[in-house]
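Please look at the sequence and the model shown here, and then work through the questions that follow one at a time.

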Amino acid sequence: MAHATDTTGTEPTRRDFLMLTTGAFGAVGAAALVVPLLGQLAPDAQVVAAGAPIDLDLAPIAEGQAIKLFWRGKLIFVRNRTKKEIDEAKAVDVATLRDPQTDEQRTKAGHERYLVVYGNCTHLGCVPLGNAAGEPKGEFDGWFCPCHGSHYDSSGRIRKGPAPLNLPVPPYAFTADTKIKIG
Amino acid sequence: MSGHSTYQPKTGIERWLDARLPIVRLMHDSAVSYPVPRNLNLLWTFGGILVFMLVAQIITGVILAMHYTPNATMAFNSVEHIMRDVNFGWLLRYLHSNGASMFFVAVYIHIFRGLYYGSYKAPREVLWILGVIIFLLMMATAFMGYVLPWGQMSFWGATVITNLFSALPVIGETIVTFLWGGYSVDNPTLNRFFSLHFLLPFMIAGVVVLHIWALHHVGQNNPTGVEVKDVKKDTVPFTPYATIKDLFGMVCFMLVFAWFVFYQPNFMGHADNYIPANPASTPAHIVPEWYFLPFYAILRAIPDKLGGVLAMGGAIVILAFLPWIDTSKVKSMTYRPIARQFFWMFVLVCIGLGYLGAMPADEPYVTISRILTVLYFGFFVALALIGIFERPAPLPTSIADSVLGGSGARLGHATAAAPQAKG
Amino acid sequence: MSLRLSLAGLVTGLTLAVSAPVLAAEGAPKPPAQSWSFAGPFGKFDQAQLQRGFKVAKEVCANCHAMNLIRFRNLSQPGGPGFTPSQVAALAASYTNIKDGPNDAGEMFERPGRPADAFPAPFANEQAARAANGGAYPPPIDMLAKARTYTRGFPTFIFDIFTQYQEQGPDYIVALLTGYAEPPAGVTLLPGQNYNNYMPGHLIAMPKPLSDGQVEYPKGADGKSPVPETVEQYSKDVAAFMVWMAEPHLEARKRMGFQVMIFLALFAGLLYFTKKKIWSRLPDHASAH
């Protein structure tokens with residue numbers, strides 16, 4: 001197919017400044033468009049604001065009991081551990097653990113009775129069993145994830161199964177002897 | 001106009017793909033080497049602008065759907081949630097709502113350009129009819145989109161427009177009940193309108209593909225209305241010539257678009273739509289969005305319910321028959337002294353009807369609406385008659401001649417023969 | 001070329017021209033245009049005015065009108081009244097009756113407000129609001145600055161595109177709040193009706209809400225309020241606050257708009273010259289388009 005242009009042999013051989021500038025402008029404009037188009041995917045102001053710290057009274061949790069609650073839409077376990085469970089957690093040789101952490105690092109000094117951890121398995125996010133009475137607690141008196149068989153000990157540390165990490169400890173602090181603020 | 005493909009695969013991968021799925025060849029033939037009449041003016045950039053607007057509306061719309069809740073009790077607040085809380089939500093929502101208006105600005109310019117230059121005439125009848133179908137789909141999409149914020153105008157607009165169908169004899173009431181999914185406009189209506197509002201733009205995109213296919217098959221019309229005779233002299237390759245011109249037109253259009261989005265985002269909307277829908281109270285004046293106003297005026301001009309609905313529908317459908325209504329063989333009104341005057345009167349009639357559509361249904365507006373409605377349809381009658389006796393001005397012999405003012409000698413060709421009217 | 005351009009311009013202009021906003025304020029005088037700090041392409045809210053407006057809204061309007069699209073946290077976000085997050089937390093906590101629940105016993109309870117909470121509405125629902133207000137419904141005021149307007153008329157509304165006038169809402173609100181008057185002879189008011197110069201139809205259920213000195217404004221260095229404590233000033237301040245409530249991202253929008261317009265104008269200029277250059281490659285330099 002022939003066009004009027006084909007009769008000329010004067011195609012510029014170098015890209016001149018004007019073309020480059022125009023092209024650069026187009027590229028900058030397209031890149032700027034990406035900011036709102038992707039930015040809108042981030043948590044919106046309402047979601048962020050709803051993640052404010054929450055207060056929790058631990059007094060109703062009897063020894064050996066655990067409760068579930070949500071903060072920022074994430075599940076949190078709070079367990080009031082028995083003496084046996086605390087002793088087991090402290091007796092472990094940290095060097096043998098997959099994700100080495102002492103029980104002291106995972107609880108607040110003076111409040112070792114209470115363990116506060118995120119309640120989703122670090123493997124693929126299922127909720128481990130072991131909170132309600134009668135549920136399997138796994139081989140280490142902690143939690144057992146039914147999806148792929150991960151066992152957590154009474155400090156929420158991974159001991160057996162595919163999960164790579166311990167159940168993480170959310171940010172929290174004691175505001176009174178049996179009151180905590182999560183967040 | 002579709003000649004032999006000039007695509008030459010350069011690398012092994014390109015040759016491999018070309019033998020299996022010649023998609024790069026298709027792109028090359030339709031967006032690079034495709035021959036474009038060299039005399040197209042800036043009005044021809046609106047096709048590209050419309051493709052841009054459709055893509056922009058789909059992108060912003062899909063994003064808005066991620067944050068919107070199609071439920072009668074939550075829709076209004078979810079739109080406000082987008083405006084207040086979602087990152088850049090105000091920008092995306094204003095882009096989408098003003099984008100609808102700008103889409104119609106562009107499509108009306110595109111339609112009037114086609115009217116003026118006779119782009120509906122043979123061999124472009126199917127191309128033109130596909131355009132009318134796109135226009136109808138756009139109207140349906142825009143109407144259902146306007147319902148989604150569930151403000152007062154959304155609700156009452158939906159009520160009035162769906163009630164139009166009740167004018168149909170026998171089946172009217174059933175159709176309306178089926179449209180509503182109930183006995184009034186309510187949550188089921190909102191839900192199905194949301195679903196259809198999401199679906200229709202993709203149907204528009206499908207018809208746009210057919211529209212462009214038909215266009216590339218018959219070739220573009222041009223301001224002279226004279227068909228391409230010599231591809232070498234009359235056309236230029238789409239890229240870079242038309243590409244850069246379309247881009248320039250697009251960015252100029254975006255300047256106008258941005259002015260409204262950032263500085264006058266509610267100019268083309270209705271204040272009443274910032275009041276949540278209330279089935280117990282109708283706003284003092286309910287009017288459709290501006291782009292429906294001319295047709296709304298025709299609807300109200302007819303004192304009979306069914307007659308009004310038919311007149312309004314007819315005002316759009318008659319466009320599809322234009323290729324056979326217009327009897328003149330000359331395409332461009334540049335060479336049609338009488339038809340050209342009727343064209344400009346028709347433009348003024350449409351604007352006048354738009355103005356009247358926004359006015360209350362009182363005198364003198366009703367009488368003027370009736371006169372203008374007669375004139376609206378009169379334009380089509382006139383086109384049928386004018387072609388019989390009108391003496392067109394002499395047409396250029398070719399596109400190249402019209403561009404070069406007959407001084408084809410510069411290209412080493414004989415000067416154009418005396419201009420004469422062509423069939 | 002110029003003919004074709006003007007044709008395109010004409011069609012664009014005229015198409016836009018039919019977009020006359022149709023408004024429901026017949027039979028009332030047009031509200032006078034106020035001067036607003038947030039008007040125009042570089043408009044910004046006056047923080048002190050928004051803070052005063054919030055005080056009026058909180059102490060007067062909020063007794064009957066809801067503004068629960070606003071959350072306490074909004075009051076400290078950029079482009080707003082400029083309260084600090086700690087002021088907002090204290091303000092939220094001063095509302096001790098925020099409904100929440102159910103708790104473990106299955107009961108709803110009341111707790112102090114948090115910044116994420118919506119501004120409490122004075123009535124539980126529209127029916128309760130009507131019952132307490134003689135059958136009239138005090139509409140929510142969070143969106144009112146965008147939900148109220150008046151007819152601009154032809155050709156003014158076309159000029160508005162270029163002057164960027166869009167403050168019909170706050171102008172009307174100021175006019176309404178300052179427009180209470182004695183009914184003219186021949187107009188008898190029923191109980192629960194009041195006469196207002198700017199209300200469409202002139203009859204309004206809301207009694208005159210503001211009076212001089214009603215709201216105490218923060219004192220300046222000289223121990224006096226820097227602005228007069230009058231109905232007119234209260235009206236302007238609360239109308240400005242209502243514009244912010246209806247359009248909390250107005251400042252960000254106009255700021256981004258200026259950047260976008262500059263970018264697009266430069267880009268269009270570059271494309272124009274690039275196009276000229278490309279078309280000049282044609283051997284006969286044919287294109288004048």
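Q: How many residues of chain B are in contact with chain A?
A: The model is predicted, and contact here is judged by C-beta atoms that lie within 7 Å of each other. On one side of this pairing stand 13 residues of chain A, and the residues of chain B in contact with them number 22.

Q: Which element gives the largest share of the side of chain A that touches chain B?
A: Two elements of chain A give two or more residues to this side, namely α1 (17-39) and α2 (45-50). By class, the side of chain A that touches chain B holds seven nonpolar, five polar and one charged residues. The largest share, three residues, comes from α1(A).

Q: How are α2(C) and α8(C) placed relative to each other?
A: Helix α2 (residues 47-59) of chain C packs with helix α8 (residues 231-246) of chain C at an angle of about 100°, their axes being 7 Å apart. Residues that meet include C:F54 and C:V56 in α2(C), and C:F241 and C:W244 in α8(C). Since angles of 65 to 115 degrees count as roughly perpendicular, α2(C) and α8(C) are therefore roughly perpendicular.

Technical notes. Residues are numbered from 1 along each chain as its sequence is written. Chains are lettered from A and ligands numbered from 1 in the order in which they are written. This is a predicted model: local features need pLDDT of at least 70, side-chain atom pairs count only at pLDDT 80 or more; totals for chains, interfaces and linings use all residues. Axes are lines fitted to C-alpha atoms, for helices over the stretch in contact, and angles run from 0 to 180 degrees between N-to-C directions. Helices (H or I, at least four residues) and strands (E, at least two) are DSSP runs, numbered from the N terminus. Angles under 35 degrees count as roughly parallel, over 145 as roughly antiparallel, 65 to 115 as roughly perpendicular and the rest as oblique. Two residues are in contact if their C-beta atoms, placed from the backbone, lie within 7 Å. Ala, Val, Leu, Ile, Met, Phe, Trp, Tyr, Cys and Pro count as nonpolar, Asp, Glu, Lys and Arg as charged, and the others, Gly among them, as polar.
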